[in-house]
Amino acid sequence: GVQLTGIDYGNGTFVLATYFGGTTAVPAVTPVVFTSPDGTTWTRRTLPGNGRTNAPRFFNGKFLLGVQPDGPGNGAILSSSDGVTWTSSGAISSTLNAPSTFAFGNDVYAGSVSSPIPGANQIVTSSDGVTWTPRSVFAAGSSNHVVFFNGKFYATVYNYSNVANPGGLYSSADGTTWTKVTGAPAGAGILSAGTTTLLVTYFSGSTSGQSVSTDGVTFTTASPGIALLGESIRYLNGAFVTVAPPSSTIFDYTLARASSDGRTWATIGSTANQFYATEVAYGNG
């Protein structure tokens, strides 16, 4: 009954986030990580608290991991330097869920958060990865993704019930004061930051695809792009990498597809009839 939710690599260690339970047969939800030096031999590690794990991320010498308890709000963030011993922030807010993505830049950690209903805060920031402060990006909504690119944080936020201001892409130098990026595509969603390229997926009406930018201001359509149904695009070993199907109508996911520029994608490994996979990590070759 284990659910695998995400993986990352840092300080010579892979960390695979999982949780057990959350079913009628096993109602209690237990968060667990497994660690490995090589991706082959894995050791189970105990985490503090309880709840469903999100994907771990390694920045500036720390693994960060959002853990969501049963019910809305009261999300927590765990941090660890080695993937073995973890420190919990405790509930970051009674109205905020655990972050789904993290970023680091300008000596600031940032996480994207959502709330049970569109709320006033969409980002949390921290100077040490342990104590977190909620931040407001715009009046009401939830955050989807956050990355750091070209000296700034970029976050996608949304409020589907607000027709006049549904959200979009916002930028910030410090994670506290945010400005809307007017040149970004409508319906911006997943973000990924390369060394010279910011990749943004979008879905607006019946139109979907990806856009790229070299400055975080001006965006162009990433033609031909990719049929994307996954929740993660990562920049690993010099390329954007994602788990994606061959097309929008075929649900046999390829194991991984990669692109050096965010425009043209190549399949780098496949598994037939694998309906769903979470994401890809890279480390130790």
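Reply: A contact here means heavy atoms within 4.5 Å. By that rule Val146 touches Thr101, Phe102, Ala103, Ala110, Gly111, Ser112, Ile123, Phe153, Tyr154, Ala155 and Leu191, when residues up to four places away in sequence are not counted. This is a predicted model, in which local features need pLDDT of at least 70 and side-chain atom pairs count only at pLDDT 80 or more, while totals for chains, interfaces and linings use all residues. Numbering runs from 1 along each chain as its sequence is written, and side-chain values use heavy atoms, with hydrogens and water left out.

Val146 belongs to the largest nonpolar core. Such a core is a set of buried Ala, Val, Leu, Ile, Met, Phe, Trp, Tyr and Cys residues joined through side-chain atoms within 4.5 Å. Buried means under 20% relative accessible area, exposed over 50%, and partly exposed in between (1.4 Å probe, protein chains only). The largest core has 12 residues: Val146 together with Ala103, Val108, Ala110, Ile123, Val137, Phe138, Phe153, Ala155, Val157, Tyr170 and Trp178. Two strands, β11 (108–112) and β15 (152–158), each supply at least two residues of this core, and β15 gives the most to this core, with three residues. Strands and helices are DSSP runs numbered from the N terminus (strands E, at least two residues; helices H or I, at least four).

The protein chain has zero helices and 25 strands. Of its 285 residues, 50% count as buried. Among its contacts with a separation of 6 or more, 38% are between residues 24 or more positions apart.

Next comes the largest pocket. A pocket is found on a 1 Å grid over the protein atoms alone, as an open set of points where a 1.4 Å probe fits, with protein on both sides within 12 Å along at least five of seven lines; lining residues have an atom within 4 Å of a point. The lining of the largest pocket has 39 residues, and Arg57, Ser100, Thr101, Ser232 and Glu279 lie nearest its centre. Strands β1 (3–10), β6 (57–59), β10 (101–105), β14 (142–149), β18 (188–193) and β22 (233–236) each supply at least two lining residues. With six residues, β14 gives the most to this lining.

Ser232 and Glu279, both among the residues nearest the pocket centre, are also linked to each other: their side chains make a polar contact at 3.2 Å. (A polar contact is a pair of N or O atoms within 3.5 Å; within protein, one must be able to donate a hydrogen and the other to accept it, and residues adjacent in sequence count only if both atoms are side-chain atoms.) Ser232 counts as buried because its relative accessibility is 10%. Ser232 lies in the loop between β21 and β22. Pro224 is in that loop too, between β21 (220–221) and β22 (233–236). The peptide bond joining Ser223 and Pro224 is cis, with omega about 5°. Most peptide bonds are trans.

Thr221 is found in β21. Thr221 is partly exposed because its relative accessibility is 49%. Beyond four places in sequence, Thr221 touches Tyr202, Gln210, Ser211 and Arg263. The C-alpha atoms of Thr221 and Thr201, 20 residues apart along the chain, are 9.7 Å from each other.

Most residues other than glycine have a negative phi. Asn60, in the loop between β6 and β7 (62–68), has a positive phi near 50°. Asn74, in the loop between β7 and β8 (76–80), has a positive phi of about 60°. Asn74 counts as partly exposed because its relative accessibility is 36%.

Strand β8 holds Ile77 and Ser79. Ile77 is buried, since its relative accessibility is 0%. Its contacts beyond four places in sequence are Leu65, Thr87, Ser88, Ser89, Gly90, Ile92, Pro99, Phe102, Val124 and Trp132.
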